[in-house]
Amino acid sequence: MNPDGSVLVEAEGLLYQYPNSSAPAIDGVDLRLVAGEAIGLLGPNGAGKSTLIDLLIGLRHPSRGAIRRRAKPPPTIAWVPQEYALYPALECGENLRLFADMLDIDRREATRRIDAAIETCRLGEFIDRQAQRCSGGVRRRLNLAIALLAQPDVLLLDEPTAGVDPQSRAFLLDRVRELVRDGTAVLYASHYMEEVSDVCSRILLLDHGRVLASGELDALLASAGDGEPHADLEALFMHYTSRSLRD
Amino acid sequence: MSPTRAALRARQLYRLAAKEWRLLARNPHGLAVLFFMPALFVLIMSLTMKNSLVDRPPLPSTGWLVEDTSPPATQWARQWREQHPAQVFESAAALEQAVAAREVEAGVRVKAGWLGEDGRPRADRVEIWLGNRIQPAAAARLRAELGYSIMRAGMRMAAAEAGPFASAMLADAGPTELLAGDAAPGIRYLYEIQSGRTMTAVQQSVPAWLVFGMFFVVIPIAGVLIQERNDGTLVRLATFGVTPGVALASKFLAFVLLNWIQLGFMLMVGRWLVPLFGGDSLSLDVHPGWFVLMVAATSAAAVGLALAIAAWTRTFEHAAALGGGLNVVLGAIAGVMVPRMLMPPNMQVLSEWSPMGWALDGLQSVFLGDPDMATILPRAALLCGFAAACMAIGWWPLRRIGRREMREMGSDTIIASDNRV
């Protein structure tokens, strides 16, 4: 881990347009992921959050712009998707073993990382249970645990708490905070404003692929423009994105 | 139930039924299974069974080998050939080769001793050799026509001997006085001639339904691959360094192994279960090399096709409808549902141009004991080529998932640096 505040991933002037689409999904986005810092990625549905994450993990190739990674040592990037990207019919332990075995590490190290992920995400009592028989909260923890197997320097979380109970949500947020404290760079995409406020010190607010607001959370809250600060992140969000319903 | 509640139930019933129709209307694949597939079956089966139910199927072309050198035998054979399409062969090997190569549909071997010691023709000295694909109805007609022809020859001989009293003598004569031996020629299938075994239904059924079952791996493969893709698990695997090639190859390996387990199960069914119910036992006296090659090639084609379908469909329902329907149609064309020997010749030709047809040809050849390089190698090559093409088709929509950048997420690769703003 690298808690020294160095830039691990930097995106500059990103532009991405889907085939057969008239407008770009991402248009001129700049982003820096820094060790020990969490950025909240906000935006209404269709704002371009998932597309930006796709670009960062390399699933899509930007039409223009650049994404650079620190050269030495290169950062390890892990992704926690919005869906349960795991095998429901496999036991939790089997899922962890499978993904750990995909990494370029020996079996002993894989076992060590599995144990650490189980410990971090409190999955001990569910190891022998099929993922599909676990609650949504446990599956969310397993989803995170799989990402942690890579011991990531950069963690991209796409709505990691969707559909879980308050207890599981609080637990997951605690883990993310710990990871940030230990030096992980986190990009946290969510619709839950209170979560983002809890975890993130910086905000990147997108709509229609463009950056509406970007910077320190406190500074953004203080800069309403009419002299009065925003009451909270939700007020800030609605201020920039308006109340009109989206697709 | 009160009228109000009854009205509510009726409305619920109507709304829910209407919902089902709306869902059905938005499921073109489901509708295709309901309408298109039965229509296709009507077409295929009507053509396939065209000659099976007619009272007078066409007489098959014959090749003749006359080993009885007596003048009556020669004359009888010549008279037949003058009335029906036939070729003459000089040796049993040449006739066997011609039947195997389907130059003629059946062979007629007139063995020495056709003219019995009592001066009567012996039907039991005539042997009909049938290719493994000849229609039973056509074979039965050939047998009957030959038997009748021999009887007529016997009658002519008897009449010649009787002179002026021929009509009186023939009126009282039974078949045994006109014909020596059995009244009908014997039938031997080419398979029996070449392998020394008896043709049984189980020997035909096991390879046919094995091929059909192997191609149905599309159902489990689609279930896994579509879930992996839709849930993002494939992308996640890519972030762990797994290329789409490796992801596809792993499925290929796993399901090829499953095909071999299917094979073992089907062999056990044919060998032990069928006899328990009074059927014949499957003979496993097969050529091991050709057997392994044909099973491997069939499995590759089956898994390849399944991967291609799974990769290009978005939902499991779509894949199951498309894959299942396609397999059933391919199976019908190939001769799984209706043995190819029951098909008319033009349908037999069509059935040779489907992957299941290649597999069925090769495997039946192996199981029926007459495999050779000319039968096996082209079909195995076609199946392997088909498998490779399907794998490429399956890889194409998944290729993006394995972008080089994702596999090198731990490196210092700079992404998209060429087109900076």
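Predicted model: local features only at pLDDT ≥ 70, side-chain atom pairs only at ≥ 80, totals over all residues.
Chain A is divided into two parts, of which domain 1 is made up of residues 1-76 together with 153-247, while domain 2 spans residues 83-151. The centres of domain 1 and domain 2 of chain A, taken over C-alpha atoms, are separated by 25 Å. Between them, 10 residues of domain 1 of chain A are in contact with 10 residues of domain 2 of chain A. On the side of domain 1 of chain A that touches domain 2, helix α5 of chain A (residues 166-181) supplies the largest share, amounting to 3 residues. By residue class, this side of domain 1 of chain A comprises 4 nonpolar, 4 polar and 2 charged residues.

Helix α1 of chain A, which runs over residues 49-57, is mostly covered, with 8 of its 9 residues buried. Just after α1(A) comes G58(A), whose phi is positive, at about 90 degrees.

A positive phi is also found in the turn of a hairpin formed by β8(A) and β9(A), where 2 residues lie between the strands and H208(A) adopts a value of about 50 degrees. The two strands, β8 (residues 202-207) and β9 (residues 210-216) of chain A, pair in the antiparallel sense over 6 bridges. Within this pairing, R202(A) has E216(A) of β9(A) as its bridge partner.

Definitions and conventions
Residues numbered from 1 in each chain as written. Chains lettered and ligands numbered in written order. Pairing = 2+ DSSP bridges. Helix = DSSP H or I, 4+ residues; strand = E, 2+ residues; numbered from the N terminus. Domains from an automatic or database assignment. Contact = placed C-beta atoms within 7 Å. Nonpolar A, V, L, I, M, F, W, Y, C, P; charged D, E, K, R; others polar. Buried ≥ 20, exposed ≤ 12 C-beta atoms within 10 Å, placed from the backbone.
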